[in-house]
Amino acid sequence: MAEKVKLFVNGQDVEVESGKNLIDAIGAVGIEIPHLCYHPALGADGNCRMCLVGIEDGRPPLVPACKTMAVEGMKVQLDTDKIKKIQRDIMELELINHPIDCPICDQAGECKLQDYYMEYDGQKSRMTVPPVAKAKHMDFGAGVVHDQERCVLCARCVRFTRLITKTGELGIVNRTDSARVTTFPGRPLANRYALNVVDLCPVGAMTSKDFRFKQRAWFLAKSESLCHGCSKGCNIYIDHNKEKYKDDIIYRFRPRLNQQVNGYFICDEGRMTYKLENDNRLNVAQVAGKETSVNEAVENVRRVFSQAKKIVMLISPNCSLEQMQAVKKLATANNAVVSGYSDGYIKTGDGDLFLIQDDKSANRAAFGLLGLDSSKAGFESALVEADLVISFQNDLCRSLDDADIAKIQDKAKIVYIGSYKDGLGEIAAITLPVAAYSEDTGIIINADNILQQYDVAVRKNDPAIDLLQIVTLLGGEFKNREEVLTDLSATIAALNNIDLKHIPSEGIALTDKEVSNVAA
Amino acid sequence: MQVKVLSARFDIPDAHKIEVAKENGAYATLEKVFSMQPIEVIELVKQSGLRGRGGAGFPTGLKWSFLPKNNQKPVYLAVNSDESEPATFKDRHILVLDPHAMIEGIIICCYAINSHDAYIYIRGEYTTQVKVLQAAIDEAYAAGYLGASVCGQDYRLDVTVHRGAGAYICGEETALLESIEGRKGQPRSKPPFPAVEGLYGCPTIINNVQSIASLPFILTNGADAYKAFGTEKSPGTHLFGISGLVKKPGMYELPLGLPLLEVIEKVAGGLREGRTLKGIIPGGSSTPVLTPEEAQTVTLDYESMAAHKTMFGSGGIVVLDDTVDIVKLVENLIHFYHHESCGQCTPCREGLGWMLKIVKKIIGGNGTTADINLLVELCDNIEMKTVCVLSAACTMPVRSYLNKFRHEFEAYVKSDVSCQTAM
């Protein structure tokens, strides 16, 4: 625990963490100091002047809170007439050259200028002269659109490209009220994290080409989830909306703070994987190329399952821990072999030192925890004599070429139980749609052995059956997810002391030792 | 009234050349300097009472003593030659007419603060000055006053000239450091102060050209000789640039403490025939204006200016007579500071442009009394809310014109009202 210091805020005793600036220290106990340019991941810049606070007996008596560390005994004044007037004055100056085009601005509803105007300003415009005209809808590249007139020049985006991605595409040119954020000629934003500037922008100056004009922020339900784009397990918000007479649709992913996983950011590729959740979905069951009802498909799966002599259950590294355990137990009960073979999910060399991982699956670490084999040799030996391959979300076509798949088809029937229109779904004898992770609850373990839980975000009008239910229908021993969790806690040594039913939002870091002990 | 301390060699032909400068006393004091301990040099400068000549008037010796003790990092000297304040034209004379006085001063200062690298940040527009200065530095290197062994001592000193690119803000000491480091010239938040964390993160002293050029005289003749000029709290001499509507505008060296009006009359030749005094800008465009009544009792020193709620500034005196339109003067003034705002802090970036547009509106005959009141309020709203004092350098004088010459603003507003009713 960090050391505590006692401050006086507006005359009241407040105990805060030392070593933090006043915005973070006082903010942690629920007292807001308005600010535009400061961001905890980008440090203090001190340009917006919105966080000026009074320090009683201080030298100087007026300081930017972002640049001032909390010190024992400090008397911070936020509610004096002087500070309130400064906040109002700064807001007025922020707004005189702002287009105030909230009705057509995507940021409306989640805009600091709007929020602060309501909270700290509220006065009528005194602007009787023409505002400064600047460039609008500039395509900055990487799907980022910039509006210079809305910009408050807080330089968060500039600092992001300098400090975080270290690519430095953005800068502020010109002085005075001609100052503007721009790119170098012919050098657009070109980094794999560029869309974070849209989240970082406190106003509507940076918008996402993909998202803009699609939804108003206040209509969006913001559900917590985990990105499944790679094995980092970045924490996200799934912003979705079910409009009247329409289905529940995801409009964007946004990063959600988790200091031990992804910090404040996510990569652009992961951010765009929301599209897979909406489109490219396996929506209908098929038997021998013909559309059928889900019930009929389930019956067909049950029939081939009971008739098969030797079954290979192919599990995806994207399945949740619970799904893997249920499939594993089902296989054991039916003398089937489970394989997690999924080499095609790994793009060697694609990862970087920040968030992006080579492994494009979310839960491969659970293979180790549950002792599931994912080697090619293991899969090939399991195929010998097999007459049924049931894939649980595993798109084998990513790992094998057409010829290899054809060879398997010669000997065995392929059943695909999945959420997406993958290659395997196209050719399987039976396809059965199940809920995707955005519609389901589950546990995944990321590349750094951090165990996290995601919950149901999207509720479709016609919800797909979840994968655990299918396993139950095939004769699996667990009636529901709770039973799987109980079993996991009881049988997996690394999870013995973990309450899987109450996983903290920041996740649980498993030690390498715990994971390898069980896998061995 | 005029004296010859800083300007002693100004009238000597070719004094910018090292032989001529040396014949007339340049570099003569260095032997004495190197026989002293650095701390003794600092003490002597403290005793002389020399105050920073860049405008703020901070005691030079005291500034040097703020350097951290037991410092392991290099110490830098940055000489501020970014003289850009409107009505200020003193340092340019030193740079062209006696650059060796400044180089000698740099050697003295660096020895005192234990610095081996000095940067001269020179205003980009000073193209003539930079040539003369660089030639003088080259001469000083050739003569062994700069380089690996200064005056044969075991003391290295390198001097680098860094040309600005034309931004007034780079005269602000931390913006100056940013610019030397190759970044956009924008002031840094303080603390940390440059004496602790300045150029390249190292302790740095930033002194004005005239402060540095004053050092050889002090070291040669002692603190008392320097204090013989000026007043108790404002000792020494100063290069005053007197401009505006006087008969003999120009640069004059004067001891501090002389009566302002007497100087204008006797040194600058007084007002043109038939004209009356409207006001005096005492120390560069950023200092609040003095009315003729206030000017009666003002003397040219820091304490008298402060007592009259203005500032000594940079010694750039501008005399305004009855032909001056104060509202247009204010427009010109805000135009300058608006143009030169670095654009970093919201109040200065947005506010000065707003003020300029309001003044233009008033001049255009579309102003109202509310606009005048808004100008006054904006001065308060902007001032001292920013990282540096550029915005205050605009709002302080503007407020003084609004307070002392409000009737001129109202005349613009009222003439418009009568026009409208006539229509």
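In this predicted model, A:Ser391 sits across from A:Tyr416 of strand β19 of chain A. Local features are taken at pLDDT of at least 70 and side-chain atom pairs at pLDDT 80 or more, while totals for chains, interfaces and linings use all residues; side-chain values rest on heavy atoms, without hydrogens or water. Residues count from 1 along each chain as its sequence is written, and chains are lettered from A in the order in which they are written.

β19(A) covers residues 413-418 and runs parallel to β18(A), with five bridges between them (strands, at least two residues long, are DSSP E runs numbered from the N terminus; a pair needs at least two DSSP bridges). β18(A) also pairs in the parallel sense with β16(A), residues 311-315, again over five bridges, and here A:Met313 has A:Ile390 as its bridge partner. As for β18(A) itself, residues 388-392, five of its five residues are buried, meaning under 20% relative accessible area with a 1.4 Å probe, protein chains only. A:Leu388, A:Ile390 and A:Phe392 lie on one side, A:Val389 and A:Ser391 on the other. Side chains in a regular strand alternate between the two faces of the sheet.

Then there is the meeting of the two chains. Here 31 residues of chain B touch 33 of chain A, with contact set at heavy atoms within 4.5 Å. Four salt bridges cross the interface (a Lys or Arg side-chain nitrogen within 4 Å of an Asp or Glu carboxyl oxygen). One of them joins B:Glu377 to A:Lys85, whose closest N and O atoms are 3.5 Å apart.

Conventions
Buried means under 20% relative accessible area, exposed over 50%, partly exposed in between (1.4 Å probe, protein chains only). Helices (H or I, at least four residues) and strands (E, at least two) are DSSP runs, numbered from the N terminus.
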